[in-house]
Amino acid sequence: MIFGAASGSRPASAADSGVTVASLPLLTFDPAFARTVQDLSIMSQVYSSLTTASFVDGSLVPNLAREWTDVDGKEFTFKLVPGAKFANGEPLDANAVVWNFKRLLDPATQSTVIADFNMISSVEAPDPTTVVIKTSTPWLELPRRLSAISFLAPEWSKTHNPKVEVNPSGPYVVVNYDFASHVTLKRNENFFGEKAAFENATYRVIGNSQTRVTSLRSGELNFANNISPLDVQQLSSLQDLNVGAIPGRRVHVLRFNMLRDSVKDVRVRQALNYAINKDLITASIYRGQTKAATTQVLIPGQVGFDETMKAWPYDPAKARQLLAEAGYAKGLTLSLGVSDEYLQAPQAAQAIAAQLAEVGVTIKLQIVPTAIWTSFITDAQKGTDLLYLGFSSTTGTSTELMNQFTGKGRYTWGPSNPDYDAAVEKVKTATSLESQAELIRKANRILADDAQLVYLWPQPFTYAVSKSVEWTPRADDRPRASDMRPAK
Amino acid sequence: MATISHFKALQARLRSPIEVRFLLRRAIGGLFSLWGAVTIVFLMLYATGNPAEVLAPETATAEQVAELARQYGFDQPIYLQYRNFLVNIMQGNFPNSLYTGRPAFQEVLYRVPNTLLLGLTAVVLGALLGLVVGYVSSSGRSRIMRVVPIRLLMILQSVPNFFMGLLLIYFFSLTLRWLPTSGFSSWRNLILPITTLACYVAPNVARLFRSTMNEIRFEEHIQTARAKGISERAVRIRHNAINALGPVTTLIGLQLGGVLAGAVVVETLFAYPGVGQLLVQAVVSRDYPVALAAVILVCLGYNIASLLVDVLVVIIDPRAQKR
């Protein structure tokens, strides 16, 4: 196995050897189990889905479905590209799509792709190029959710293990792979859509961020993301790389453990929002690669993003006053749990602790190793008073995120805000995008007015790409070779 | 009579010095350590989080995660899961990888050659370097020979292998551009990780070899050899160095375990597709069958290496098995 440009003796040239992209370890090729960014990234290049998110602005664009319509958000009709085929010649038609949904929804499959699909009441194929999906309640977000669902070939799947084998239908085919080290892709000349610009693409598994940086510097990689803000600055000095950052889709917040009396008072929660100077932290720890979040866990472009909502102002005097009114004039001690699961979170948490100390709030910081973070954040009783978390949605839908702050949320510690819960339920059943956007804005205002979160900043999506490669940064963290092309 | 005694002497010489009881004792001890390691890792994997929490997408609700846990049986009490796990192993049904669906041992065995290539080469090279430096520092003619090489190795030992790896990458990959930084596409990818691991092995071997040689230098059998008029060089090699090999052999065996542990860090740093990297990934993604299979194989490998070393030590010095 020879990697595209892994010579180590000269800078990688995307023009003559395809493109070499850094990836985190891969787990599976099976669409029923893929959930990580890296798995979904590969899958979206070797398989097809009904819809896909544009790499330009994240908007929803056709893929296997040329067009789609809906009736009251409950009955969706997708018209498919005629003549689409898998690499083995099996047709990728409406019947194949129906079979895939049956497989996904069958409990025996034990799929880990959980996305409210129990709302789907039927999937039918009236003809080979038409798929009709009906839902039990209005579900306007369905076409966007379907952008993460790729399709297998039904006949082929009977005799193959789709977790480790691929019968592709996307812009690339898999030449060879080892989940621990690489996946080598070659352009699929029979792809029904726009052909990939690079003939070859190699994803090299490099889990360690330091190694990603050294591989970039040595010229072994054409693309890497998840680079620390400090490394972004250092790599900027290299002439053959375009290095940068955009605010990503994952928003960092502090959540309150509502089982604790000290944070049950809304004035305490508001005080914490006032006491943190987000601009200072984003400028220093994140080197200006992101900016303070507005009082909503959404970013521009997502349905319901409210342009009028601004970042919570920094006002330590107001924070002190609110704490005094809440009975904490002499000070308050809170514990805060954080892990390096989120970019620069431990460093940011230390800065937050220092800023809160200035208004009389003593923070006892618990920096938790990533390996036990999952366990740590699921135990509210033993948990800390505050939790540093980052929230993102796989497909960019707003309700996936908003769900997390209702009583149903995995990390909702103690009682949630019932008005917010009711507002989110209304959002889910909206029948038009306009009314849904308005309901989302209303729900987000309820959450902000109750200061259920301390709004921090969107995690920056950091990247470095060879100047020989043309690529538009996208907020969903998915580095797809099929979105790249040789620079002119 | 003379013939019979002659035959007995010959039989005694041909008989292996290793007693079956000794091997049995070691094998049973190995099995216990294997069981202990698996139990500890099993409990730790489960104590550090319900695998369903990791398997589910991050936007899943608490209810959806609970349903997933029920489907996979992760909602059962831990002692029941542990019992089922042991029963399945006894019946030869080791669970498959949660992500690839392939047998967990197959996933690990696939990477064993890579790790053995890395680990064994590093141990052999590290041990050779350690032995040479240990010998020179004990028997070198000049003070410089006796002091400088071993001091240099001591400096290497004080550098953590993660940092050592980064230094090597910086120098050989970024500055000189001679070698690739990571991956495993050719033999050139092996040089830096092997050097990193060998730097961990060599100083320990050198120190013990030197101190053991110094310790036994004035023992009676060495003095006797000198009194026989054997050359000083021959005394040092045949009597001093050879007799100092016993404890060093044990240490090299133990170093193999250390190298396997160190490989976790080195394989991650150099993005080298070995068992260590797989183990880290399996723990992070909670692919517990693969994590347990990796631990079992590493533990088994360590036990076998340890047994071989004990056998080797007994061959070198038969008194060892009585201790």
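## Nonpolar cores

In this predicted model, the largest nonpolar core holds 70 residues, of which Leu272(A), Ile352(A) and Tyr388(A) touch the most other members. A nonpolar core is here a set of buried Ala, Val, Leu, Ile, Met, Phe, Trp, Tyr and Cys residues joined through side-chain atoms within 4.5 Å. Buried denotes a relative accessible area under 20%, exposed one over 50%, and partly exposed a value in between, computed with a 1.4 Å probe on protein chains only. Helix H11 (residues 345-357) of chain A gives the most to this core, contributing six residues.

Another core, of 60 residues, lies apart from the largest one; among its members are Ala96(A), Val98(A), Met119(A) and Ile120(A).

## Basis of the model

Local features of the predicted model need pLDDT of at least 70 and side-chain atom pairs count only at pLDDT 80 or more, whereas totals for chains, interfaces and linings use all residues. Residues are numbered from 1 along each chain as its sequence is written, chains are lettered from A and ligands numbered from 1 in the order in which they are written, and side-chain values use heavy atoms, with hydrogens and water left out.

## Strand pairs of chain A

Helices (H or I, at least four residues) and strands (E, at least two) are DSSP runs numbered from the N terminus, and two strands pair if DSSP finds at least two bridges between them. Strand E1 (residues 19-23) of chain A is mostly covered, five of its five residues being buried. Val19(A), Val21(A) and Ser23(A) point one way from E1(A), while Thr20(A) and Ala22(A) point the other way. E1(A) pairs in the parallel sense with strand E10 (residues 200-205) of chain A over five bridges, and Ser23(A) has Val205(A) in E10(A) as its bridge partner.

Strands E8 (residues 172-178) and E9 (residues 182-187) of chain A run antiparallel and are joined by six bridges. They form a hairpin with three residues between them. The bridge partner of Asn176(A) in E9(A) is Thr184(A).

## An open sheet in chain A

Four strands of chain A form an open sheet in the order E4-E5-E7-E6, with antiparallel pairing. Strand E4 (65-71) and strand E6 (120-127) stand at the edges and have a single partner strand each, so one side of each is left without a neighbour in the sheet. From one strand to the next, the twist averages 20°.

Within this sheet, E6(A) and strand E7 (residues 130-135) of chain A pair in the antiparallel sense over five bridges. Asp127(A) stands opposite Thr130(A) in E7(A).

## Helix packing in chain B

Helices H2 (residues 20-47) and H5 (residues 78-90) of chain B pack at an angle of about 140°, with their axes 11 Å apart. Axes are lines fitted to C-alpha atoms, for helices over the stretch in contact, and angles run from 0 to 180 degrees between N-to-C directions. H2(B) is therefore oblique to H5(B); angles under 35 degrees count as roughly parallel, over 145 as roughly antiparallel, 65 to 115 as roughly perpendicular and the rest as oblique.

## Cysteines and a buried valine

A search of the whole structure finds zero disulfides over all chains, a disulfide being a pair of cysteine sulfur atoms within 2.5 Å. Cys199(B) is buried, at a relative accessible area of 12%, and Cys299(B) counts as buried at 13%.

Val338(A) belongs to strand E13 (residues 332-338) of chain A and is buried, with a relative accessible area of 0%. Its C-alpha atom is separated by 42 Å from that of His160(A), 178 residues apart along the chain.
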